[in-house]
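Reader: I would like to go through this model step by step, asking about its parts and how they meet. Could you take the questions one at a time?

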Amino acid sequence: MTYLKLICCTVCFKNGLHSLSTKSVLLKISNAQYKQHLAKISTSHFYNSNLPLTSQSQSVVAKKKPKNVPQDTRVWKETPTHDIKNNLVQYCMMLSKFRLTSLVVMTSMAGYALAPAPFDFSTFALCAVGTGLVSSAANSINQYHEVPFDAQMSRTKNRVLVKGLLEPLHAIGFAAATSVTGLSILYFGVNPLTAALGATNLVLYTSIYTPMKRMSILNTWLGSVVGAIPPLMGWVGCTGSFDMGALVLGVILYSWQFPHFNALSWNLRPDYSRAGYRMMAVTDPALCRRVALRHTGVITATCLAAPYLGVTNIWFAAESLPLNIYFAYLAWQFYQKSDSGSSRKLFRFSLLHLPALMLLMLVNKKYWSSTDTQENEIKMSDIKVTDSKRITVLPRGPVVAAQESDSEGNKC
Amino acid sequence: MLLTYRNNGVQRGIYTLYSVRNTSTTPENKFQQPPNPTKISCDMVGPPDPVSNLRKIIFKKAATETQLEKKYRELRTEVQEWNQTFWTLHNSRFFKERENYLKNNLPEGKSNLTADEMSVFYKAFLDKNWKIHINYNIEWYKKNVTLLGLAIKVKFRQLFRIKDK
């Protein structure tokens, strides 16, 4: 009985089970082979059980569905949706690619916290908020540009613009509001250099990286630069200038992007090929694995060098080594086996590796808080002050008096 | 309600459950039939197309639409059709070429190729279609920006009309 199976399907879905595949075949309406046609029968959010990697991004969307509204299973729906006001927060989160933005904000906060200058909580908060808003704007513009491409790929076909829940004007309006607010917060609340970096990143991501994804594999290197800028924004927000520590943090974030992204893209090769995205995983799989491995080496080396460059204390090198070695080991496995299992492990670990590494850097920071550097400065200035006091307190010595009498004597 | 509709197909049963919410199409319509542009209260988006993966939008055709709104609606329709044509052709070509590749390279007894073996095909397809993709990209960006400009104008006019009233 097909309707019984449908009930099973919807019940299973509501309970969060992923195994719709065998049941879904029986409920096909058309002769199409794609699972996305289940949208006609059940709700529009559902998992592609063959690609658990994608479920990470889909799961947030499914959980955020409004609870007080019965699930809408109509085939034709209003576009844009009429329940925007009820779910404004959810839609903003979807437009901003909330999980990605959170990671970006975290790296920016880490950059601020690691910088060797006084920690000012309000500036720190403004930097985080500003970075988050600018990142949201960038992601929203990216979604606006890529609607037909996102529709082609399983990982992205449930985005709000693809499904018609929001329209392009909403995305651009949201982007305009968040970018202006974010950049203003950075300019007035933090410093102009941070705002300039934020604006540069916004332009790089939306106007250069996004089109380049379809033109050349060099987009991955540019995208890594885009990923490395937020911690620099945080650092510069604290100290006001670039220095060695900023470079170290930037290099670590830049190199991290490669194992992270190359592993993610490995299982999406069919989709990328059909949608026309030029990624290393498709055009040069050997290069893809080599680059991922190479950059785990760079991360390990940079972390070992961090104490000698004055960014962290010596313990950081020892503590980060196991983490980095394991990361490199997973990259090595990926290089050797080049299969979906090893790529998935590498991708998942990269999501743990970055926050863990940031935490270790923070805990092992060389100049622990504002007090460290300030105390040093105060000590230096104290010494100078006491020295000068000593000189003035002493009465003019006999040598000086003698010279004066001499000169007086000479005058006479 | 589901019981009574089991012979007519599941979809219809589900449809009537929510017919109160659905003001635009009547339950007697088959779910596949798109709504009438003159009878809907706002634009409606449909299911993804099996080949092109794009969702068709039926644009509301108001009796009182202005020249600008008409232009906007017609451009949106045109871009939608252009996209639909491109992706239908492109995706069909992809699957046909993939079938040919599998037919030529599948050894006896195996039903699937490994990911690495398939990646040769994926790379070849991507390289062959590079120029087509670049041209499509440029066209798409131009059309998308034009549509955005028109959308902004239409929105402004609508806001001012409401203010005047």
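**Contacts, sheet and domains**

Author: To begin with a single residue of this predicted model, Ile141(A) touches Ala175(A) and Thr206(A), when residues up to four places away in sequence are not counted.

Reader: In which helix of chain A does Ile141(A) lie, and what distance separates its C-alpha atom from that of Ala113(A)?

Author: Ile141(A) belongs to a helix of chain A that covers residues 121-145, namely H6. Along the chain, Ile141(A) and Ala113(A) are 28 residues apart, and the separation of their C-alpha atoms is 29 Å.

Reader: Which strands stand at the edges of the open sheet, and why is one side of each left without a neighbour?

Author: The open sheet has 3 strands in the order S1(A)-S1(B)-S2(B), with antiparallel pairing. Each edge strand has a single partner strand, so one side of each lacks a neighbour in the sheet; these edge strands are S1 (77-78) of chain A and S2 (55-58) of chain B.

Reader: Which residue of S1(B) is the bridge partner of Lys77(A), and what is the partner of that residue in S2(B)?

Author: S1(A) pairs in the antiparallel sense with S1 of chain B, residues 44-48, over 2 bridges, and there Lys77(A) has Val45(B) as its bridge partner. On the other pairing, S1(B) and S2(B) run antiparallel and are joined by 3 bridges. In S2(B), the bridge partner of Val45(B) is Ile57(B).

Reader: How many residues lie between S1(B) and S2(B) in their hairpin, and which residue in the turn has a positive phi?

Author: The hairpin formed by S1(B) and S2(B) has 6 residues between the strands. In its turn, a positive phi of about 65° is found at Asn53(B).

Reader: Which peptide bond of chain A is cis, with omega near -10°?

Author: The proline concerned, Pro80(A), lies in the loop between S1 and helix H4 (88-95) of chain A. The cis bond, with omega near -10°, is the one from Thr79(A) to Pro80(A).

Reader: What is the area buried between domain 1 and domain 2 of chain B?

Author: Chain B is divided into domain 1, residues 1-61, and domain 2, residues 62-165, and 12 residues of domain 1 of chain B are in contact with 13 residues of domain 2 of chain B. Within domain 1 of chain B, the residues losing the most area to domain 2 are Val51(B), Phe59(B) and Lys61(B), which together give 52% of what that side buries. Carbon and sulfur atoms give 54% of the area buried between the two domains of chain B, which is about 1,000 Å².

Reader: Which side chains meet in a salt bridge, and how many residue pairs in polar contact are found across the interface of these domains of chain B?

Author: The rule finds 1 salt bridge across the interface of domain 1 and domain 2 of chain B, and the side chains of Asp43(B) and Arg76(B) meet in a salt bridge at 3.1 Å, N to O. On the side of domain 1 of chain B that touches domain 2, the residues divide into 4 nonpolar, 2 polar and 6 charged. Across the interface of these two domains of chain B, with both residues at pLDDT 80 or more, the number of residue pairs in polar contact is 5.

How values were computed:
Residues numbered from 1 in each chain as written. Chains lettered and ligands numbered in written order. Predicted model: local features only at pLDDT ≥ 70, side-chain atom pairs only at ≥ 80, totals over all residues. Heavy atoms only, no water. Domains from an automatic or database assignment. Contact = heavy atoms within 4.5 Å. Buried area = accessible area lost by both parts, 1.4 Å probe. Salt bridge = Lys/Arg side-chain N within 4 Å of Asp/Glu carboxyl O. Polar contact = N/O pair within 3.5 Å; in protein donor to acceptor, adjacent residues only side chain to side chain. Nonpolar A, V, L, I, M, F, W, Y, C, P; charged D, E, K, R; others polar. Pairing = 2+ DSSP bridges. Helix = DSSP H or I, 4+ residues; strand = E, 2+ residues; numbered from the N terminus.
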